[in-house]
Amino acid sequence: MMQVIRTRKTCREFTDEPVTKEQIQTILEAANAAPIGMHDYEAIEISVITDRAKIDRIDALAGANAGRMGTGPTYKAPVLILLSGEESGIERGTAYCNAAGIIENMALAATDLGLGSGYILGVIKALQSHPELFAELGVDDGYVPVSAMTLGHAADTSLLTEEREPTTSNFVTRFIE
């Protein structure tokens, strides 16, 4: 498990190779294994978007400057997984906390499958400003996009194999005993 954790990195360049339905199913199983506040699984909805025109439209809303390399915030990934939370969970912050755990589980599963992924927020503000698109993206009434993850085959496969050095010093850590 620690190898997957040390290998998992954000992917910002993808190939055109499609992600299989089986791979997406495994990633959704990882999502459904994530810890959720008060076990309220109904508070989050997941939309798996593979329609290139819809992903490009989301990129256009957010603007090219919301991503690196001039590709837009989705980096031309073949899959965009959108997490939406109940409006009440946004106010309390729980929708964002739940989404973080879900996305990290999915990203670790993607790494384990040899896929690239990225936790992206560049599209969220833009989508929240366009509720007329919610239904088109599988977002039900009473829910609002809170986070998203890109998914696909990494253009640079070394991204998926080079481990970070084990360390406990990246963050300031204090032990209060």
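**Helix H3 and the spaces in the model**

Let me begin at the N-terminal end of H3, which Asp 51 caps, with a side-chain oxygen lying 2.9 Å from the backbone nitrogen of Ala 53. This is a predicted model, in which local features need pLDDT of at least 70 and side-chain atom pairs count only at pLDDT 80 or more, while totals for chains, interfaces and linings use all residues. Residues are numbered from 1 along each chain as its sequence is written, and side-chain values use heavy atoms, with hydrogens and water left out.

H3 covers residues 52-62, and within it Ile 55, Ile 58 and Asp 59 are buried, that is, under 20% relative accessible area with a 1.4 Å probe and protein chains only. Seen down the helix axis, these buried residues fall within an arc of 100°, so they line one face of H3. The face turned away from that buried side carries Ala 53 and Ala 60, which are exposed, meaning over 50% on that scale.

What do the buried residues of H3 pack against? Their partners are strand E1 (44-49), strand E2 (79-86) and helix H6 (124-128), where contact means heavy atoms within 4.5 Å. Just after H3, Gly 63 takes a positive phi of about 90°.

Ile 58 comes up again in the lining of the largest cavity, together with Lys 54, Arg 57, Leu 133, Glu 136 and Leu 137. A cavity here is a set of points on a 1 Å grid over the protein atoms alone where a 1.4 Å probe fits but cannot get out, and lining residues have an atom within 4 Å of a point. The volume of this largest cavity is about 30 Å³.

Notes
Helices (H or I, at least four residues) and strands (E, at least two) are DSSP runs, numbered from the N terminus. The arc is that of the directions from the helix axis to the C-beta atoms. A polar contact is a pair of N or O atoms within 3.5 Å; within protein, one must be able to donate a hydrogen and the other to accept it, and residues adjacent in sequence count only if both atoms are side-chain atoms. On a 1 Å grid over the protein atoms alone, a cavity is a set of points where a 1.4 Å probe fits but cannot get out, and a pocket is an open set with protein on both sides within 12 Å along at least five of seven lines; lining residues have an atom within 4 Å of a point. Grid points are joined across faces, edges and corners, and a volume is the space filled by probe spheres set on the points.
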